[in-house]
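Below are some notes on this model for a first reading. Please keep the structure open while going through the points.

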Amino acid sequence: MSASSHYSRSTIGLFFCAFGAIIALFACVPDRNEALDPSTMPEDVRADYAVFAQRCSKCHSLSRPLTATITDDEEWVRYVNRMRRQPGSGITRADQVPILRFLHYYTQHRLDAGPPPPTIDLDATVSAAVEGGGG
Ligand code: HEC
């Protein structure tokens with residue numbers, strides 16, 4: 001009896017250990033949905049995208065840049081410079097060229113699909129409305 005209960009406890013332990021390993025394995029695989037499908041891009045953009053996807057997914061998911069509401073090339077230059085200067089970024093100055101080329105393409109593509117909804121400063125708008133409507 002005691003031998004069999006010992007056996008089952010270690011079986012359960014083994015099960016959880018294997019389960020944990022499987023979870024950890026999946027956690028390392030990036031969410032496919034967050035990346036773009038290169039086959040939807042013009043051929044000359046794909047190589048640029050590959051550099052972007054590799055360099056810009058190291059510290060955060062690709063959705064970070066892909067969902068950023070940045071529409072201006074100048075602003076992307078500032079961001080990519082900032083990311084390059086992060087310790088251990090692995091981004092070289094030479095990488096910035098294809099990355100920025102891709103981000104330019106991506107931004108134009110998004111703008112063509114319709115501008116993103118305008119952002120407002122909600123706090124300022126609300127307090128202005130409250131102050132203005134005070135009388
Ligand atoms: C070395 C790690 C690292 C790499 C590589 C990296 N980032 Fe980041 N990124 C960060 C950190 C840390 C933050 C959050 C802090 C911040 O906003 O500076 C961030 C935030 C961001 C944000 C959101 C900023 C905001 O204000 O909300 C964007 C957009 C972004 N990264 C784009 C990129 C792009 C594009 C690349 C590839 C060129 C890239 N990142 C590569 C570390 C990195």
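1. Among contacts between residues at least 6 apart in sequence, 65% join residues at least 24 apart. Please keep in mind that this is a predicted model.

2. The protein has six helices and zero strands. Along the sequence this gives the pattern α-α-α-α-α-α. Of its 135 residues, 10% count as buried.

3. Which residues of helix H2 are buried? In H2, which covers residues 43-55, they are Val 45, Asp 48, Tyr 49, Phe 52 and Arg 55. An α-helix has 3.6 residues a turn, so residues three or four places apart point the same way.

4. How do H2 and H5 pack? The angle between them is about 110°, and their axes are 8 Å apart. An angle of 65 to 115 degrees counts as roughly perpendicular, and H2 and H5 are therefore roughly perpendicular to each other. On the H2 side the contact is made by Val 45, Ala 47, Asp 48, Tyr 49, Val 51, Phe 52 and Arg 55. On the H5 side it is made by Asp 95, Pro 98, Ile 99, Arg 101, Phe 102 and Tyr 105. By class, the contact of H2 with H5 has nine nonpolar, no polar and four charged residues.

5. Tyr 106 also belongs to helix H5. Is Tyr 106 buried or exposed? Tyr 106 counts as buried because it has 20 C-beta neighbours inside 10 Å. Tyr 106 and Val 45 are 61 residues apart along the chain, and their C-alpha atoms are separated by 9.4 Å.

6. A further pair to check is H4 (residues 73-84) with H5 (residues 93-112), which pack at an angle of about 140° with their axes 10 Å apart. H4 and H5 are therefore oblique to each other. Their crossing is right-handed. H4 brings Asp 73, Trp 76, Val 77, Val 80 and Arg 84 to the contact, and H5 brings Gln 96, Ile 99, Leu 100, Leu 103 and His 104. The residues of this contact between H4 and H5 divide into six nonpolar, two polar and two charged. Ile 99 of H5 is listed here, and Ile 99 is listed in the contact with H2 as well.

7. The last point concerns the ligand. How many residues surround the ligand? There are 17, and the closest are Cys 56, Cys 59, Pro 65, Met 83 and Gln 86. The elements that give two or more residues to this shell are helix H3 (63-66) and H4. H4 gives the largest share of the shell, four residues. By class, the shell around the ligand has nine nonpolar, four polar and four charged residues.

Terms used: Residues numbered from 1 in each chain as written. Predicted model: local features only at pLDDT ≥ 70, side-chain atom pairs only at ≥ 80, totals over all residues. Axes fitted to C-alpha atoms, helices over the stretch in contact; angles between N-to-C directions. Parallel < 35°, antiparallel > 145°, perpendicular 65-115°, else oblique. Left-handed = near helix turned anticlockwise from the far one by under 90°. Contact = placed C-beta atoms within 7 Å. Nonpolar A, V, L, I, M, F, W, Y, C, P; charged D, E, K, R; others polar. Near = placed C-beta within 6 Å. Buried ≥ 20, exposed ≤ 12 C-beta atoms within 10 Å, placed from the backbone.
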